[in-house]
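Welcome! Here is a short tour of the charged pairs in this protein, with a brief stop at one helix.

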Amino acid sequence: MEMIGEARIEASREAVWDALNDPDVLRSSIPGCEEMLRTADNEFTAKVVSKVGPIKARFAGKVTLSNIVPPRSYTLTGEGQGGAAGFVKSDIEVSLEALEQGVTMLRYGVKANIGGKLAQLGSRMIDSAARKAADEFFAVFGSVVAKRAVAAPQAPGAAADPDAAAFMAAVTAPGFSERPEPRSRVAPKSTAESAPRAAAVNDAPSPELMDVWVSQHIKVWIADQIAVVSLNRPDNRNAMTYPMWRAIPGLMRALERNPEVRTIILTGTGEDFCAGADIPEFEKVRADVAQATAYEVAVDACCDAIAGISKPTIAVVKGYCLGGGAHLAMSCDFRYAAASAVFGIPAARLSIIYGVRATQKLCALVGQAQAKRILYSADRFTAPEALRIGFVDHVSGSLGPAVSSSWWAGLWSAADSKVADPMADARTFARKLAANAPLSIAGAKYILTGLSMGPGDLDLQRAEELIAFAAGSEDYREGRKAFAEKRPPGFKGF
Ligand code: COA
């Protein structure tokens with residue numbers, strides 16, 4: 001019997017790893033488990049009552065952990081004797097991937113040998129019993145781990161993962177900013193290079209530290225070719241400070257160069273996407289005309305860097321998305337919103353003129369008439385309204401409070417997500433984009449962005465260069481070959 005599966009668990013990889021090594025958690029999660037005792041560092045004894053079809057038996061046996069790579073993976077080998085019912089010997093490969101802060105993907109593969117009466121039941125009955133047991137296990141295990149994670153929260157700003165700690169150590173180490181640029185495998189010039197450059201920040205996560213980039217107010221998680229960039233000031237509804245605006249262009253350049261990243265999701269930690277610029281900070285950083293001008297340059301540089309990256313970007317919006325937060329969302333290629341998200345551009349309540357670039361993006365999305373209504377009235381509008389006028393592309397769930405995804409419902413494999421979780425929907429979409437040809441997406445994005453910015457903004461020669469480069473690329477050959485061989489293409493981005 002063989003089975004594979006995965007489960008999204010709302011806890012850090014550390015917490016999931018600890019639980020996977022905790023006999024009490026395993027005992028309470030394994031269906032029918034009566035006893036689980038540690039007998040050595042990597043060994044347990046277990047007693048499990050199991051019922052498969054008409055056969056019910058008590059299995060007693062040994063569980064051994066091997067190939068242990070904390071906190072990423074291990075092999076769990078179980079051997080159990082059930083008397084006349086038969087025996088089971090199984091190897092379960094378990095791996096953990098940190099998807100974003102406080103979310104872990106657990107993947108497993110099971111290979112089992114079954115003997116005795118059980119074996120005579122037939123593979124269909126055994127497969128279905130095994131699938132049911134796995135579902136039950138993850139339902140309980142996921143909720144136990146998530147509860148433990150809530151009961152023992154991380155200190156604010158603390159790294160949630162050893163990789164994060166390693167990365168923090170690396171980026172704060174002297175000389176990190178002088179680190180040579182990692183070589184990119186993507187030959188075309190980055191479309192982000194045309195964006196105004198902000199003050200230098202530490203960029204370029206090195207491949208060996210690629211899992212996570214953590215700063216106090218912006219967190220980045222990279223897994224499965226998707227980078228999740230999370231604005232991280234939940235107590236202030238993720239309002240953007242001046243240093244945050246200035247940090248993002250460097251971060252975008254790093255993500256542009258990182259060949260592990262194919263799609264970028266921009267979101268906010270906690271309940272909100274972003275309530276705009278940090279207003280109290282205006283007294284210090286936007287107090288007079290000169291400061292206000294410099295501030296707007298930094299905002300435009302930030303948003304142009306997001307809009308200019310050659311990889312597809314998705315804003316996942318929940319809670320408030322206001323003012324500068326709306327500019328951030330509009331700078332992404334797509335906006336996935338929770339049904340309860342609230343939008344608005346309250347510049348007219350602060351006597352601020354919304355910038356030219358931001359207004360241009362607004363008009364491109366909703367047209368002049370709606371742009372006037374939004375800017376003149378400063379009214380807030382709902383996610384269904386945002387969908388109706390074209391401000392967002394997708395609304396998850398129906399009206400009512402946003403449901404944060406359960407670990408089970410957020411499974412990546414859930415093709416038909418009925419859950420009101422824009423992140424789960426955005427991830428499904430992001431994975432589809434990540435599988436497509438990077439050169440095609442980068443080229444289309446370059447041309448569309450240039451065209452939408454008005455006459456003269458598209459560098460036709462550069463567009464032709466991109467088209468020619470794609471036509472001579474290995475990916476182009478791969479696309480045709482895959483079509484002929486009736487298989488999905490494996491694109492590399494060159
Ligand atoms: N800048 C800095 N802090 C902000 C903020 C912003 N743009 N928006 C919200 N916050 C802070 C609040 O000051 C508050 O902090 P406190 O608990 O230390 O007082 C916290 O976030 C929670 O917000 P609060 O106002 O208490 O929540 P609410 O539900 O009553 O209202 C908003 C939420 C978003 C409607 C309201 O905070 C607001 O209007 N914010 C400003 C939005 C704006 O004008 N943005 C455009 C700026 S250009």
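This is a predicted model: local features need pLDDT of at least 70, side-chain atom pairs count only at pLDDT 80 or more; totals for chains, interfaces and linings use all residues.

The side chains of Lys361 and Asp304 form a salt bridge, with 3.4 Å from N to O. This pair ties together distant parts of the chain: Lys361 sits in helix 9 (residues 356-377) and Asp304 in helix 7 (residues 289-308), 57 residues apart. Both Lys361 and Asp304 are buried.

Residues are numbered from 1 along each chain as its sequence is written, and side-chain values use heavy atoms, leaving out hydrogens and water. A salt bridge is a side-chain nitrogen of Lys or Arg within 4 Å of a carboxyl oxygen of Asp or Glu; by this rule there are 19 salt bridges. Buried means under 20% relative accessible area, exposed over 50%, and partly exposed in between (1.4 Å probe, protein chains only). Helices (H or I, at least four residues) and strands (E, at least two) are DSSP runs, numbered from the N terminus.

Three of these salt bridges are listed here:

| Pair | N to O |
|---|---|
| Lys361 and Asp304 | 3.4 Å |
| Arg335 and Asp393 | 3.7 Å |
| Glu485 and Lys481 | 3.6 Å |

Arg335 is buried, at 3% relative accessible area, whereas Asp393 is partly exposed at 40%. Glu485 is partly exposed at 43%, and Lys481 is partly exposed at 46%. Salt bridges with shared partners join Glu478, Lys481, Glu485 and Arg487 into one network.

Finally, helix 1 (residues 13-20) has 6 of its 8 residues buried, so it is largely enclosed by the rest of the structure.
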